[in-house]
Amino acid sequence: MTDAASALAAGLAGPALEPHLETRHFPCGACLMREGDQAEGAFFITSGEVRVEVERPDLDTDGVVSYMQPGTVCGEFALLDDGPRSASAYAHTDVVARVLTAEALDDLCRDDPAVGLSVLRLLSQHAARKARDYSKHLEEFVFAGERDPRTDALVSASQAAQRHFASWSEEAVGALLADAAAVIAEHAAELADATVAETGIGSVADKTVKNRFASLDVAAWLEARPGPGVIAQEDNQGLVQVADPVGVVLGLIPMTNPVATLVFKALICWKARNSLIASCHRDAGDVAGRTVDLLRGVLARHGAPLDLVQDVRPRTTRRMTAALMSHPDVALILATGGAAMVRAAYSSGTPAIGVGAGNAPVWVCADADPVRAAQAVVDGKSFDHGIICGSENNLVVDRSIHERFVKALRAAGAAVLGGGDCDKLQQVAFDEHGRLRRTVLGQPARAIAELANIAVPADTRLLVAEVPRQASRGPFGREKLAPMLSLFTVDGDEDGLGLCRVLLGNGGDGHTAIVHSTSPARQAAFAQRMPASRILVNGPGAHGCIGLGNGLTPSLTLGCGTYGNNSTTDNV
C-alpha cells in the first residue's frame, strides 16, 4: 500500500479529511460488512487482522479470499460503484478501523473537491491493484504456472517419510496403530471439548464417542485387514493380487468432525504405508493441530518419521489447498467436506475419493414398531446435535401409525411442533434463500427452541416439525445439520416410497436412506427404489451410516457413488 493510503488509514491525511472519518472497534468475530448488503463505506484497517470471505452454501467449503493487515483498505469497490458488497469481512482478531462512509465521501467531494478527488483517486488505485492481484492468483490456480515453496516443502517431507515407512512390517505398523488409537482415545474428551470450544457446534459427549470410535474401532477393524503385499491368490487362474502404497495422501478435513476425520484418515493411511497431509478447515485448525501433535508424539515413540502426518500451519488458505491438490507428488486426495471443495478435488487432476451431502428420508411403515423407531430417530438425529450428514432429516410416516409414533417421539425426548411453531422455527432456522443459519448449526434443540420463542419440555433432545406435503419443496425438505427434522404423513406404501424418493433427491442422492419396518419385502422394496449407498434398517442414522453398531466399515468418509457424483459408494 502507498504511503498516502497508509496515512489515510491512520487518519493522518490532514484536517480536511479528519472530520469525515470515524473510528470503530470490532471485537474478534464481528462482521464489518456482509456480502450482498449495500455499501455503508470503506474500512481503513489501522490495527488487527480482517478476514474476507465469500459466502458458501455448504459450511465445509472454505470461502476465505484473503486476510487483510493494518494499512489496507476493505470495502472500497462497493463504495466506488455504489453496488452491493461482493464479499463479507470479519474481524479475525480485535480490529480498529477508520471508516469513510458513502455519505461522508459525498460531503467531502462537495465541501472540498480537491481532497475528495484525491481520496477517490486513492481508492480507485487501491481497487485496481487489488483486482490485478486477484487476477494473478486466478491465473496461478488455473494454469499452476509457479511452484509454491511452502507446498513443495510439505510434500517433499511427506514423500521422504512415506518412502522410509514403506518397508515397515505388519507387526510394527500394527503396534503403531494400536498405540495411536489408544492415545487419541485417552484424550478423546479433551479433544471433543476443544472442538466444541473452537467451532461452536456439536456436543462434547457425542464428539467424545466419535473420537473413540474413529480411533479404537477403526484400528481394531484395520488389524484384521491385510497391508501392502500379497492380498489374494487364485491358483486356478494363476493370478496373484499385490497391494502397493499410493504415496502422499492429502486429506481435506471438515469442521464438523475435525478430530475424528483426521485420526481416521491417519490410521487408514498408515495401515497402507502412506503418509498424510491434513488440510483442515480454518475454523477447526487449532484442535486439528493438537491432534496432529499427539499423533506425531506416537510416531516419535515408535521411531517412525514424524512427517507421516502433517498439517498446514499456521492456517490453510484456498490458494495453498489448491496448490496441494494439484501438486504432482500428491498421489491421492481424500476429500471430506462441502460439495464445492469435493468438486475442486475431482477437477484438480489428482486422483480423488470424495463424498457428498446427505438428506436421509426415514420411512416409518405401517408395520413398524413405533416405540423402537421413535427411539432410533431421536438417538440418531440428536447425536452430536444433528451434524452427521447421514443422520435422519425427513420422517415419512404412514398415516395408520402416525398417532402412536408421534406419542413415542415425545416419550423419547422429541418436541413435535405444528402450525405456528413450525413457522417460528423456519424463520429462525433458515435464511431468505432457505439455507440453514449458522446460529442453529449443531446447536442443542432447547437452544434453537429458545431462539424461536417456542416452549418445549426441559429434556427436549430433538425438534420435529410436522409440515404439509408442499413443504418438501422448501427448506424443511432439505438437509438440516441441527437436531431438527421434518415429519410428513403418507397414505400407503407407494405414497411413502414416492415421497422418500423426492426427498432424497433434494440434495441427498447416493448417501443414506432409512426404513423402519418388520417386513423383509418392504425393506427390499425400499432398498431397490432409493438411489442411496447405505440403506439402514430399524436403526439410528447417525450411528449406522458410519458403521457404529452395525456391520458397515467404520468410516468418517462416506461415498455417494455416481448417484451423488462421487467415485465410490463405499464407507472408505
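Colleague: Why is Asp 491 called partly exposed?

Modeller: Its relative accessible area is 48%. Buried means under 20%, exposed means over 50%, and partly exposed is whatever falls in between (1.4 Å probe, protein chains only). With 48%, Asp 491 therefore counts as partly exposed.

Colleague: Before we go on, what kind of model is this?

Modeller: This is a predicted model, in which local features need pLDDT of at least 70 and side-chain atom pairs count only at pLDDT 80 or more, while totals for chains, interfaces and linings use all residues. Residues are numbered from 1 along each chain as its sequence is written, and side-chain values use heavy atoms, with hydrogens and water left out.

Colleague: What makes Asp 491 and Arg 399 a salt bridge?

Modeller: The term asks for a side-chain nitrogen of Lys or Arg within 4 Å of a carboxyl oxygen of Asp or Glu. Here the closest N and O atoms are 2.6 Å apart, so the pair meets that rule. Arg 399 is partly exposed too, with a relative accessibility of 48%.

Colleague: Where in the chain do Asp 491 and Arg 399 lie?

Modeller: Asp 491 is in the loop between S20 and helix H17 (492-504), and Arg 399 is in the loop between S17 and helix H14 (402-412). The two are 92 residues apart, and the pair links distant parts of the chain. The helix and strand labels are DSSP runs numbered from the N terminus: helices are H or I with at least four residues, strands are E with at least two.

Colleague: What does the salt bridge of Arg 469 and Asp 495 tie together?

Modeller: Their closest N and O atoms are 2.9 Å apart. Arg 469 lies in the loop between S19 and S20 and Asp 495 in helix H17, so the bridge ties together parts that are 26 residues apart in sequence. Both ends count as partly exposed: Arg 469 has a relative accessible area of 35%, and Asp 495 has 23%.

Colleague: How many salt bridges does the structure hold?

Modeller: There are 24 salt bridges. One of them joins Asp 384 and Lys 207, at 2.9 Å from N to O. Asp 384 sits in the loop between H13 and S17, and Lys 207 in helix H8 (residues 204-223), 177 residues apart.

Colleague: Are Asp 384 and Lys 207 buried or exposed?

Modeller: Both are buried. There is also a network of salt bridges, which links Arg 51, Glu 53, Arg 282, Asp 283 and Arg 438.

Colleague: How many aromatic pairs are there?

Modeller: Four. Rings of Phe, Tyr and Trp (its six-membered ring) pair if their centres lie within 6.5 Å; planes under 30 degrees apart count as stacked, over 60 as edge-to-face, and the rest as tilted.

Colleague: Why is the pair of Phe 165 and Trp 168 called tilted?

Modeller: The ring centres are 5.2 Å apart and the planes stand at 55 degrees, so the pair is tilted. Phe 165 counts as buried because its relative accessibility is 0%, and Trp 168 is buried at 15%.

Colleague: What makes Phe 430 and Phe 476 edge-to-face?

Modeller: The angle between their planes is 85 degrees, and the centres are 5.4 Å apart. Phe 430 lies in the loop between helix H15 (419-429) and helix H16 (445-451), and Phe 476 in the loop between strand S19 (462-466) and strand S20 (484-490), so the pair ties together parts 46 residues apart in sequence.

Colleague: Why is Asn 453 called exposed?

Modeller: Its relative accessible area of 61% puts Asn 453 among the exposed residues. Asn 453 lies in the loop between H16 and S19, and also has a positive phi, of about 60 degrees, without being a glycine.

Colleague: And what makes Pro 149 exposed?

Modeller: Its relative accessible area is 62%, so Pro 149 counts as exposed. The residue belongs to helix H5 (residues 149-165).
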